[in-house]
Amino acid sequence: MNHQSKLPNVGTTIFTVMSALAKEHGALNLSQGFPNYPSSQKLNQLVTDAMNSGHNQYAPMAGNLSLRLAVTNKYNLLYKSTYHPEDEITITAGATQAIYTIISAFVKPKDEVIIFKPAYDCYEPAIELNGGKTISIQLSAPNYSVDWSEVASKVNSKTKMIVINSPHNPSGTVWSTADMIQLQNITKDTDIIVLSDEVYEHIVFDDETHKSVCLFNDLKQRSFITASFGKTFHNTGWKIGYCCAPKYLMEEFRKVHQFNVFSVNHPMQIGIAHYMQDENTYLELPQFFQNKRDLFLNLISESRFKFTPSKGTYFQVLDYSAITETHDVDFAKHLTKAFKIASIPLSVFNENNKDDKVLRFCFAKTDETLIKAAEILCKI
């Protein structure tokens, strides 16, 4: 019998492979993107209080209104841009669920979806499952800058959606105002939907500001934003995020969302809503993570690795071409086994596994972990 899924060629993700290898060899795990320090005790207590107060049954399908109001207030504060809490914001089971739901709601067989590689690995499978065709724009190290003339050349009558991600995982780059205006101009007067993955919106460095799609009025009218409370508040295992879009798009999103997960963790929604009443819970994040980036890079400045400081996210890409010509997947495994430090090779996110001789390291770790990691990297 042939009972293959609609994703017959998908294997174990590189995140699972490298984390398992790190565990097997007792290595420092700077591969998968999660903190190794606890989430806020205050936030944990607020969630516990919500449980004890009886918020243990289904939340409203679109999310608890108090949390949607907190998201509205954040957008007003940071971007002077409004999403109505009733019909333009939906709370989701993490950003990945929001991304999958958006693609499922709109992408039909033979529709084309443009993505930028290296790309986070949930985009392409969702497109494939819904019968769409992925059109890849390959970006190159070290700058990962976009050739907008190439993007324009790939847009045609079949283009249903463009998926963007800034701050960008895995490269740690951020898009500029000029990039966003180019995107706005290319999609103007079209039916193309823009899916903007903004899960690292609060992690931007060196006094830069995040260029959300909602800052560009024309672009906002055809765009979804997906975001993650887990990334923002250091608790990725909670799997809770949200999605914003104009009402006419959100109505279609919710038609699929209600049959995908219907609603998500209720006490966590209540706890996060209370926690966000203090805007410093997210306003202080850029400096918090910049301190970790700077500590890590200062400690490895004398190593043989080359780097451009990350401009956003909690990832740093290191170029190892001065050390070896070994393929990045093999080198990442070698470092895990022989030097006890785990990273993520970027070729797995590229078109045709393009190998730029770079590895991604997560610096959302305790200072003690970063110091130990730097000591290892300086010996390589």
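An open sheet of three strands runs in the order S9-S12-S11, with antiparallel pairing. Its edge strands are S9 (315–319) and S11 (344–345), each of which pairs on one side only. Strands here are DSSP runs of E with at least two residues, while helices are runs of H or I with at least four residues, both numbered from the N terminus; two strands pair if DSSP finds at least two bridges between them. Five bridges link S9 to strand S12 (residues 358–362) in the antiparallel sense, and Val 317 stands opposite Arg 360 in S12. This is a predicted model, in which local features need pLDDT of at least 70, side-chain atom pairs count only at pLDDT 80 or more, and totals for chains, interfaces and linings use all residues. Residues are numbered from 1 along each chain as its sequence is written, and side-chain values use heavy atoms, leaving out hydrogens and water.

Two loop residues come next. Thr 313 lies in the loop between helix H13 (285–299) and S9, and its phi is near 70 degrees, a positive value in a residue other than glycine. Lys 357, in the loop between S11 and S12, also has a positive phi, near 60 degrees. Thr 313 counts as buried because its relative accessibility is 0%, and Lys 357 is buried with a relative accessible area of 14%. Buried means under 20% relative accessible area, exposed means over 50%, and partly exposed lies in between (1.4 Å probe, protein chains only).

A further antiparallel pair joins strand S2 (residues 89–92) and strand S8 (residues 241–244) over four bridges. From S2, Ile 89 and Ile 91 point one way and Thr 90 and Thr 92 the other way, and all are buried. Thr 90 stands opposite Cys 243 in S8.

Which cysteine sulfur is closest to that of Cys 243? It belongs to Cys 244, and at 6.7 Å it is too far for a bond, since a disulfide is a pair of cysteine sulfur atoms within 2.5 Å. Cys 243 is also buried, with a relative accessible area of 0%. Cys 362 is in no disulfide either, as the nearest cysteine sulfur, that of Cys 122, is 17 Å away. The count by this rule comes to zero disulfides.

Finally, two cis peptide bonds can be described. One joins Lys 117 and Pro 118, with omega about 10 degrees, and Pro 118 sits in the loop between strand S3 (112–117) and helix H5 (123–129). Another joins Asn 169 and Pro 170, with omega about 25 degrees.
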